[in-house]
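Take a walk through the model shown below.

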Amino acid sequence: MDEPNTTTTTTTTTTAQAPSTNSTETPISPPVVLLKPEDELFKSVQKPVDLEDASKTLFQNIAAYIKGELLATSEDYKLLENMNTLATEKYKEMTEAAVGLTTFMKALQEKYETFTPYLQQIDDIDKNVSDLEKTVTLLDDYTKRLEAKFKTIDKSLLVKVTPLPTPTQETDSNATPNPTTS
(Lines give C-alpha, C1' and ligand atoms only; values in the text may rest on other atoms or scores of the structure.)
Protein backbone atom coordinates (compact mmCIF):
# COMPACT_ATOMS: atom_id res chain seq x y z
CA MET A 1 0.00 0.00 0.00
CA ASP A 2 1.54 3.11 -1.20
CA GLU A 3 0.76 6.31 0.46
CA PRO A 4 -0.51 9.03 -1.73
CA ASN A 5 1.97 11.82 -2.22
CA THR A 6 0.07 14.53 -0.57
CA THR A 7 1.53 17.48 1.16
CA THR A 8 0.07 18.45 4.43
CA THR A 9 0.48 21.87 5.74
CA THR A 10 0.72 22.97 9.25
CA THR A 11 -2.02 25.25 10.24
CA THR A 12 -2.33 27.01 13.46
CA THR A 13 -5.64 28.26 14.58
CA THR A 14 -6.09 30.51 17.50
CA THR A 15 -9.34 31.86 18.58
CA ALA A 16 -9.47 34.99 20.51
CA GLN A 17 -12.68 36.18 21.90
CA ALA A 18 -13.52 39.58 23.02
CA PRO A 19 -14.19 39.88 26.71
CA SER A 20 -17.78 39.18 27.39
CA THR A 21 -19.96 39.55 30.34
CA ASN A 22 -20.72 35.83 30.42
CA SER A 23 -19.20 33.95 33.28
CA THR A 24 -18.39 31.03 31.02
CA GLU A 25 -15.43 31.81 28.85
CA THR A 26 -13.95 29.34 26.48
CA PRO A 27 -10.29 28.69 27.08
CA ILE A 28 -7.74 29.29 24.38
CA SER A 29 -6.96 25.97 22.72
CA PRO A 30 -3.36 24.95 21.94
CA PRO A 31 -2.17 25.17 18.34
CA VAL A 32 -2.77 22.16 16.16
CA VAL A 33 0.35 20.76 14.47
CA LEU A 34 0.06 18.48 11.51
CA LEU A 35 3.05 16.24 10.77
CA LYS A 36 4.60 15.79 7.35
CA PRO A 37 5.73 12.32 6.26
CA GLU A 38 9.33 13.62 5.91
CA ASP A 39 9.55 14.47 9.59
CA GLU A 40 11.49 12.09 11.87
CA LEU A 41 8.79 12.24 14.45
CA PHE A 42 6.26 11.08 11.87
CA LYS A 43 8.49 8.15 10.90
CA SER A 44 9.14 7.11 14.49
CA VAL A 45 5.45 7.13 15.25
CA GLN A 46 4.76 4.98 12.22
CA LYS A 47 7.36 2.28 13.09
CA PRO A 48 6.06 -0.72 14.97
CA VAL A 49 7.57 -0.94 18.43
CA ASP A 50 9.26 -4.23 19.31
CA LEU A 51 8.19 -4.80 22.89
CA GLU A 52 10.82 -7.43 23.59
CA ASP A 53 13.71 -5.23 22.44
CA ALA A 54 12.36 -2.28 24.34
CA SER A 55 12.03 -4.28 27.57
CA LYS A 56 15.58 -5.69 27.13
CA THR A 57 16.95 -2.22 26.69
CA LEU A 58 14.97 -1.02 29.69
CA PHE A 59 16.29 -3.80 31.94
CA GLN A 60 19.86 -3.32 30.67
CA ASN A 61 19.69 0.37 31.44
CA ILE A 62 18.21 -0.28 34.89
CA ALA A 63 20.90 -2.91 35.55
CA ALA A 64 23.65 -0.47 34.47
CA TYR A 65 22.18 2.24 36.71
CA ILE A 66 21.97 -0.08 39.74
CA LYS A 67 25.49 -1.36 39.03
CA GLY A 68 26.78 2.22 38.92
CA GLU A 69 25.04 3.08 42.18
CA LEU A 70 26.43 -0.04 43.88
CA LEU A 71 29.90 0.71 42.52
CA ALA A 72 29.74 4.26 43.87
CA THR A 73 28.56 2.97 47.27
CA SER A 74 31.31 0.34 47.26
CA GLU A 75 33.91 3.02 46.50
CA ASP A 76 32.54 5.14 49.34
CA TYR A 77 32.93 2.21 51.74
CA LYS A 78 36.50 1.58 50.50
CA LEU A 79 37.31 5.23 51.09
CA LEU A 80 35.86 5.06 54.60
CA GLU A 81 37.85 1.90 55.28
CA ASN A 82 41.07 3.61 54.15
CA MET A 83 40.29 6.65 56.28
CA ASN A 84 39.63 4.43 59.32
CA THR A 85 42.89 2.55 58.73
CA LEU A 86 44.85 5.80 58.50
CA ALA A 87 43.14 7.19 61.59
CA THR A 88 43.93 3.99 63.51
CA GLU A 89 47.60 4.22 62.53
CA LYS A 90 47.73 7.89 63.51
CA TYR A 91 46.12 7.19 66.89
CA LYS A 92 48.58 4.33 67.44
CA GLU A 93 51.51 6.71 66.77
CA MET A 94 50.01 9.29 69.12
CA THR A 95 49.55 6.61 71.81
CA GLU A 96 53.18 5.55 71.48
CA ALA A 97 54.31 9.17 71.73
CA ALA A 98 52.14 9.70 74.83
CA VAL A 99 53.56 6.56 76.46
CA GLY A 100 57.09 7.79 75.72
CA LEU A 101 56.32 11.20 77.19
CA THR A 102 54.82 9.60 80.30
CA THR A 103 57.93 7.47 80.80
CA PHE A 104 60.18 10.50 80.32
CA MET A 105 58.08 12.53 82.78
CA LYS A 106 58.35 9.78 85.41
CA ALA A 107 62.14 9.66 84.98
CA LEU A 108 62.35 13.45 85.38
CA GLN A 109 60.15 13.29 88.47
CA GLU A 110 62.44 10.68 90.04
CA LYS A 111 65.53 12.80 89.28
CA TYR A 112 63.85 15.84 90.79
CA GLU A 113 63.06 13.88 93.94
CA THR A 114 66.71 12.75 94.25
CA PHE A 115 67.90 16.36 93.86
CA THR A 116 65.41 17.81 96.34
CA PRO A 117 67.74 17.44 99.39
CA TYR A 118 70.56 19.12 97.46
CA LEU A 119 68.24 21.95 96.48
CA GLN A 120 67.31 22.38 100.16
CA GLN A 121 71.00 22.51 101.07
CA ILE A 122 71.60 25.14 98.38
CA ASP A 123 68.74 27.21 99.76
CA ASP A 124 70.19 26.92 103.30
CA ILE A 125 73.67 27.93 102.09
CA ASP A 126 72.18 30.88 100.22
CA LYS A 127 70.41 32.03 103.39
CA ASN A 128 73.62 31.66 105.43
CA VAL A 129 75.60 33.62 102.82
CA SER A 130 72.98 36.38 102.90
CA ASP A 131 73.23 36.51 106.71
CA LEU A 132 77.04 36.57 106.50
CA GLU A 133 76.91 39.43 103.98
CA LYS A 134 74.72 41.41 106.39
CA THR A 135 77.17 40.75 109.23
CA VAL A 136 80.14 41.79 107.06
CA THR A 137 78.31 44.97 106.09
CA LEU A 138 77.61 45.77 109.76
CA LEU A 139 81.24 45.04 110.72
CA ASP A 140 82.50 47.20 107.85
CA ASP A 141 80.27 50.08 108.97
CA TYR A 142 81.50 49.67 112.56
CA THR A 143 85.18 49.72 111.51
CA LYS A 144 84.62 52.83 109.42
CA ARG A 145 83.02 54.61 112.36
CA LEU A 146 85.83 53.45 114.67
CA GLU A 147 88.45 54.67 112.22
CA ALA A 148 86.70 58.02 111.95
CA LYS A 149 86.65 58.39 115.74
CA PHE A 150 90.30 57.46 115.98
CA LYS A 151 91.23 60.14 113.46
CA THR A 152 89.28 62.76 115.35
CA ILE A 153 91.15 62.18 118.59
CA ASP A 154 93.66 64.94 119.20
CA LYS A 155 97.14 63.59 118.96
CA SER A 156 98.30 66.03 121.66
CA LEU A 157 96.11 64.29 124.14
CA LEU A 158 98.01 61.18 123.60
CA VAL A 159 100.53 60.40 126.29
CA LYS A 160 104.00 59.61 125.19
CA VAL A 161 104.82 56.25 126.39
CA THR A 162 108.46 55.44 126.97
CA PRO A 163 109.38 51.89 126.96
CA LEU A 164 110.34 50.42 130.26
CA PRO A 165 113.81 49.12 130.54
CA THR A 166 114.17 45.44 130.31
CA PRO A 167 115.93 43.61 133.12
CA THR A 168 119.06 43.09 131.13
CA GLN A 169 119.35 46.79 130.42
CA GLU A 170 119.11 47.63 134.13
CA THR A 171 121.96 45.36 135.17
CA ASP A 172 124.18 46.66 132.42
CA SER A 173 123.59 50.30 133.27
CA ASN A 174 124.48 49.73 136.94
CA ALA A 175 127.72 48.06 136.21
CA THR A 176 129.50 50.40 133.88
CA PRO A 177 128.55 53.81 132.84
CA ASN A 178 128.43 54.31 129.14
CA PRO A 179 130.61 57.21 128.15
CA THR A 180 128.59 57.96 125.08
CA THR A 181 125.33 58.33 126.96
CA SER A 182 126.46 61.19 129.17
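With which residue does Lys-127 form a salt bridge? The partner is Asp-131, and the closest N and O atoms are 3.9 Å apart. A salt bridge here is a side-chain nitrogen of Lys or Arg within 4 Å of a carboxyl oxygen of Asp or Glu. Lys-127 and Asp-131 sit 4 residues apart in helix H2, so about one helical turn separates them. Lys-127 is exposed, because its relative accessibility is 53%. Asp-131 is partly exposed, at 34% relative accessible area.

A word on the ground rules. This is a predicted model, in which local features need pLDDT of at least 70 and side-chain atom pairs count only at pLDDT 80 or more, while totals for chains, interfaces and linings use all residues. Residues are numbered from 1 along each chain as its sequence is written, and side-chain values use heavy atoms, with hydrogens and water left out.

Now step back to the chain. Its secondary structure comes to 3 helices and 0 strands. Along the sequence the pattern reads α-α-α. Helices (H or I, at least four residues) and strands (E, at least two) are DSSP runs, numbered from the N terminus. Helix H2 covers residues 51–152. The chain has 182 residues, and 1% of them count as buried. Its accessible surface is about 18000 Å², with 62% belonging to carbon and sulfur atoms. Accessible areas come from the Shrake-Rupley method with a 1.4 Å probe; for residues, only the protein chains shown count as cover.

Return to the charged pairs. The structure holds 4 salt bridges. One of them joins Asp-140 to Lys-144, with the closest N and O atoms 3.4 Å apart. Asp-140 and Lys-144 are 4 residues apart in helix H2, so the separation is about one helical turn. Asp-140 is partly exposed, with a relative accessible area of 35%. Another salt bridge links Glu-147 and Lys-151, where the closest N and O atoms are 3.6 Å apart. Both residues lie in helix H2, 4 residues apart, about one turn of the helix. Glu-147 counts as partly exposed at 45% relative accessibility. Lys-151 counts as exposed at 62%.

Next, the rings. A pair of aromatic rings is described by the distance of the centres and the angle of the planes. The structure holds 1 aromatic pair. Phe-115 and Tyr-118 form this tilted pair, at 6.3 Å centre to centre and 55° between the planes. Rings of Phe, Tyr and Trp (its six-membered ring) pair if their centres lie within 6.5 Å; planes under 30 degrees apart count as stacked, over 60 as edge-to-face and the rest as tilted. Phe-115 and Tyr-118 are 3 residues apart in helix H2, so about one helical turn lies between them. Phe-115 is partly exposed, at 48% relative accessible area. Tyr-118 is exposed, at 51%.

Last, the surface patches. Patches are made of residues with over 30% relative accessible area and no salt bridge: like charges are joined within 9 Å, nonpolar side chains (Val, Leu, Ile, Met, Phe, Trp, Tyr) within 5 Å. Leu-58, Phe-59, Ile-62, Tyr-65, Ile-66 and Leu-70 make a nonpolar patch of about 650 Å². Ile-62 is found in helix H2. Ile-62 is partly exposed, with a relative accessible area of 39%. Asp-123, Asp-124, Asp-126 and Glu-133 form a negative patch. Asp and Glu count as negative, Lys and Arg as positive; His and the chain ends are not counted. The place of a charge is taken as NZ of Lys, CZ of Arg, CG of Asp or CD of Glu. Glu-133 lies in helix H2. Glu-133 is exposed, with a relative accessible area of 51%.

Methods
Buried means under 20% relative accessible area, exposed over 50%, partly exposed in between (1.4 Å probe, protein chains only).
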